[in-house]
Amino acid sequence: MSQITVLLILTKMRPEEKAIVEALERRGVKVIVSVDGRDLGWLLQGESGVGHPQVAMLRCLSQSRNVELARLLKACGIPTINSVDAIDICCSKVAQAMLFRQYDIPAPQSVIAFQADEITRYGQRHGFHFVLKPASSSWGRGVTLIRDEEALEAWRSAWETHDALYKHFPVLIQAFVEKPGYDLRVVIVGERPIVAFRRATDHWKTNTHLGAQVVPCEVTDAIHDLTTQVVEAIGPGIYGLDIFEQVGSDELLVCEINQNPEFWRSSQIHQVDVAGAIADWVAADAATYNLSFQVNSATSLAMVAS
């Protein structure tokens, strides 16, 4: 059997990417690294002697760049991890809300607002205590807790300063969930949750880069069942699934699902080899593809995946 080759597209070599490369290489996988896909002409033009990947992993910091590259690679016949559809959904909180609704996945109540006045009307009907989320954001950026009507007016003024034509609408209105001082992050590789941990903090935002502490916890049956439900909806891949526990209720709610999850700092605490699990799954997934490349007289590349 020929050597498996994986194309890893990244923005910078963080500890996560370094660990993934090392884990893949320990398993005999050849890794080709590309910085934001800016040097992929050799692949698209079918240059010989470089080696062609069976699959591409996308770990760019820019979500829009991941989507763009996933679509390009799919058009060329190169499968991506995660899939194009999964990356598209993970990069849109609005699309996720619609997916959760379609597949009856328990999630905080949400409304999609296409105009700022719709947010005001929502507050007048349901009360001014909710969360506003831009369709695309990472690390909690742009996610705002509206505590009263005055706070909403301040948010609208700030938004209109940088988006006067509302080009970045729609936004997601999400009911505020009273959490017990933490949320849950579940790391999914393939179809299964490999580790879960609490992100504990006194702040309503529970991102670890904002100071939340990692506390390992068990992957309970409820967490496992919810993970299965999400994977059935979005497809196998590498994800960070954020789950809310609620004060006064035993029901778990899916907050959102992230592609390209960070794991280095948390893995130092829970001690689960996330990079190794990723390498095992990626190598197994890549081995299922058999790519043939044909270069025509115009030096364009036709690729067929079987």
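## A tryptophan in a loop

In this predicted model, tryptophan 204 sits in the loop that runs between strand β10 (192-200) and strand β11 (213-217). Leaving aside residues up to four places away in sequence, tryptophan 204 touches Val131, Val143, Thr144, Leu145, Arg147, Phe176 and Lys179.

## An arginine in strand β3

Arginine 59 belongs to strand β3, which covers residues 55-59. Is this arginine buried or exposed? With a relative accessible area of 3%, arginine 59 counts as buried, because the cut-off for a buried residue is under 20%.

The side chain of arginine 59 takes part in a polar contact of 2.6 Å with the side chain of glutamate 17, and in another, of 3.2 Å, with the side chain of asparagine 260. When residues up to four places away in sequence are not counted, the residues that arginine 59 touches include Leu8, Ile9, Leu10, Ile20, Asn66, Pro261 and Phe263.

## Helix α5 and its surroundings

Helix α5 spans residues 93-102, and within this helix Lys93, Val94, Gln96, Ala97, Leu99 and Phe100 are buried. The elements that cover these buried residues include the helices α4 (84-90) and α8 (221-234), together with the strands β5 (110-113), β6 (130-134), β8 (171-175) and β13 (249-259). After α5 comes aspartate 104, whose phi angle is positive, near 55 degrees.

Definitions and conventions: Residues are numbered from 1 along each chain as its sequence is written. This is a predicted model: local features need pLDDT of at least 70, side-chain atom pairs count only at pLDDT 80 or more; totals for chains, interfaces and linings use all residues. Side-chain values use heavy atoms; hydrogens and water are left out. Buried means under 20% relative accessible area, exposed over 50%, partly exposed in between (1.4 Å probe, protein chains only). Helices (H or I, at least four residues) and strands (E, at least two) are DSSP runs, numbered from the N terminus. Contact means heavy atoms within 4.5 Å. A polar contact is a pair of N or O atoms within 3.5 Å; within protein, one must be able to donate a hydrogen and the other to accept it, and residues adjacent in sequence count only if both atoms are side-chain atoms.
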